[in-house]
Amino acid sequence: MPNETANSWESRAAASSFYGFTDLPTVAERGTVVVSGGHGPYVTDVHGRDYLDANSGLWNMVAGFDHPGLTRAAQEQYERLPGYHAFFGRMSDRTVELSEKLIEVSPYESGRVFYTNSGSEANDTLVKMLWFLNAQEGRPERRKILTRINGYHGVTVASASMTGKPYNSVFGLPLPGFVHLSCPHYWREGRPGESEADYVARLAQELEEVIAREGAETIAAFVAEPVMGAGGCIVPPEGYFDAILPILRAHDIAVVSDEVICGFGRTGARWGCEGYGFTPDAIISSKNLTAGYFPMGAVILGPEMADRLHRASEAIEEFPHGFTASGHPVGCAVALKAIEVILDGADGEPPLIDNVRHLIPAFEAGLARLAEHPHIGEWRGRGLMGALEAVADKAEKRPFPGHLSVSERIANACTDAGLICRPLGQSVVLCPPFIMTDAQMQEMFDKLEGALDRVF
Ligand code: PLP
């Protein structure tokens with residue numbers, strides 16, 4: 001490997017660690033990057049080289065890599081109470097404060113929060129809540145979960161079954177009862193001559209047909225990311241949620257918004273669902289919840305689901321589910337600070353969501369400019385999440401063939417130039433940290449443009 005001499009960090013990483021979600025032939029060919037520090041939106045490798053992280057870590061390091069308020073919040077809580085759980089009628093004061101704050105900033109007047117360590121666990125928890133709730137209410141057959149092709153909801157067994165990615169077939173997933181609807185991507189999936197409105201009507205029709213086929217009485221919930229993230233930053237067509245939500249409501253199917261990426265300002269609104277004008281029955285949160293400074297997830301239940309779950313649990317004395325670190329006080333202290341930093345403004349600084357809104361026009365303009373490239377078929381984006389989709393033929397939208405996708409070659413050229421971005425399918429995805437300056441955004445697009453020139 002090019003950067004691996006004997007006993008280097010890179011060779012030690014390759015010999016000792018397993019990479020998930022990594023193209024191993026590419027790592028074998030190009031070596032790896034071992035990171036040991038970070039400042040603002042940059043990470044620094046063990047050789048002192050900086051990379052502008054247009055990926056925000058994994059969509060989560062929205063406040064950058066050295067936010068003093070967040071590290072202080074963790075440090076202070078470690079000194080007060082370094083760990084605890086939320087079981088057996090006990091929980092930490094920080095956990096109570098965070099639940100109150102989450103409900104305050106949620107679309108709900110009241111509700112309840114259940115804590116996990118990750119987004120995957122939050123989705124698995126939601127599924128168990130729905131199964132339990134429906135069984136306790138005398139509707140045990142109402143278990144199926146509707147999600148979408150390309151939707152990403154995690155890697156644990158239920159959340160991987162929710163995820164609409166073909167790679168899960170290597171595990172024999174999805175489990176029975178997880179049903180995937182079409183991916184709402186007009187540019188790729190719309191038929192020749194079909195208007196966006198007609199395409200949306202077709203998706204609504206598909207939903208009706210799936211509900212009729214499966215039986216409405218067997219479907220517990222529809223779970224969706226407002227904008228698909230790991231599916232390639234897929235922005236739904238105009239009117240999509242307005243068309244499908246009434247159908248779900250008419251069949252008494254719960255609507256859940258997976259806000260692991262979209263929540264806390266990524267799309268420019270507080271919640272992705274808020275931006276699309278709907279209130280789900282529950283929200284799945286993680287990532288930005290702690291700005292990546294602590295592993296944590298949460299299921300935020302709106303008032304109706306919260307009451308129903310509480311009643312069903314009381315009936316058998318408990319809801320028999322939870323994780324050792326559920327409601328970890330350090331995680332809660334960090335999340336309280338992250339919410340303040342992002343939504344309210346902290347320590348004399350304006351809220352980061354203001355900077356997201358400030359950056360959106362330049363972000364969209366940068367994507368639109370690069371989409372003029374003859375091998376970029378589409379740019380799409382919402383808020384500070386965006387993608388450029390590479391095509392071999394622009395008019396026919398024909399993708400490039402081959403094992404190493406062209407998006408991976410672009411991302412590799414970016415890494416060589418000191419920019420981290422994410423290849424997803426045929427797209428290069430950008431989700432910059434909320435703290436980016438105008439100059440850093442310019443640097444991001446300049447480096448990406450240089451990478452496109454080197455690849456094509
Ligand atoms: N849901 C969405 C929308 C995600 O993007 C992710 C992770 O990327 C998850 C759930 C799973 O979260 P985690 O990786 O923390 O398990």
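## The shell around the ligand

Helix α6 (residues 119-136) contributes the most to the shell around the ligand, supplying 3 residues; helices here are DSSP runs of H or I of at least four residues, strands are runs of E of at least two, and both are numbered from the N terminus. The structure is a predicted model, in which local features need pLDDT of at least 70 and side-chain atom pairs count only at pLDDT 80 or more, while totals for chains, interfaces and linings use all residues. Residues are numbered from 1 along each chain as its sequence is written.

The shell has 14 residues, of which S118, G119, S120, G154 and V260 come nearest to the ligand, where a residue is near a molecule or strand if its C-beta atom, placed from the backbone, lies within 6 Å of it. Divided by class, the shell has 8 polar, 4 nonpolar and 2 charged residues; Ala, Val, Leu, Ile, Met, Phe, Trp, Tyr, Cys and Pro count as nonpolar, Asp, Glu, Lys and Arg as charged, and the others, Gly among them, as polar.

The protein is divided into domain 1 (33-66 + 351-455) and domain 2 (71-344), with bounds that come from an automatic or database domain assignment. Taken over C-alpha atoms, the centres of domain 1 and domain 2 are separated by 26 Å. The contact between them takes 26 residues from domain 1 and 21 residues from domain 2, two residues being in contact if their C-beta atoms, placed from the backbone, lie within 7 Å.

On the side of domain 1 that touches domain 2, at least two residues each are supplied by α3 (56-59), α14 (352-370), β11 (376-382), β12 and β15. Helix α14 gives the most to this side, with 5 residues, and the residues of this side of domain 1 divide into 15 nonpolar, 7 polar and 4 charged.

## The largest nonpolar core

The largest nonpolar core has 127 residues, and those with the most contacts inside it are A63, V299, A338 and C421; such a core is a set of buried Ala, Val, Leu, Ile, Met, Phe, Trp, Tyr and Cys residues joined through C-beta atoms within 7 Å. A residue is buried if 20 or more other C-beta atoms lie within 10 Å of its own, exposed if 12 or fewer, and partly exposed in between, with C-beta atoms placed from the backbone. Helix α13 (residues 329-344) gives the most to this core, with 9 residues. Because domain 1 (33-66 + 351-455) and domain 2 (71-344) both give residues to the core, it lies between them.

When residues up to four places away in sequence are not counted, C421 touches A54, N55, A411, C414, V428, V429, L430 and L448.

Since 5 of the 5 residues of β10 are buried, the strand is largely enclosed by the rest of the structure. Strand β4 (residues 112-116) runs antiparallel to β10 and is joined to it by 5 bridges, with R112 opposite L301; two strands pair if DSSP finds at least two bridges between them. Strand β9 (residues 282-285) is also antiparallel to β10, through 4 bridges, and the partner of S285 in β10 is A298.

In strand β15 (residues 427-430), S427 and V429 point one way and V428 and L430 the other, and all are buried. Strand β12 (residues 385-390) is joined to β15 by 4 antiparallel bridges, and A387 has V429 as its bridge partner. Strand β14 (residues 422-424) is joined to β15 by 3 bridges, again antiparallel, and P423 is partnered by V428. β14 and β15 form a hairpin with 2 residues between them, and G425 in the turn has a positive phi of about 60°.

## An open sheet and a buried loop glycine

An open sheet of 4 strands has the order β1-β2-β3-β13, with mixed pairing. Its edge strands are β1 (35-39) and β13 (419-420), each of which pairs on one side only. Strands β2 (residues 42-45) and β3 (residues 50-53) run antiparallel and are joined by 3 bridges, V43 having Y51 as its bridge partner in β3.

G231 is found in the loop between β7 (219-224) and α10 (240-250), and G231 counts as buried because it has 23 C-beta neighbours inside 10 Å. Leaving aside neighbours within four places in sequence, G231 is in contact with N150, G151, Y152 and C183.
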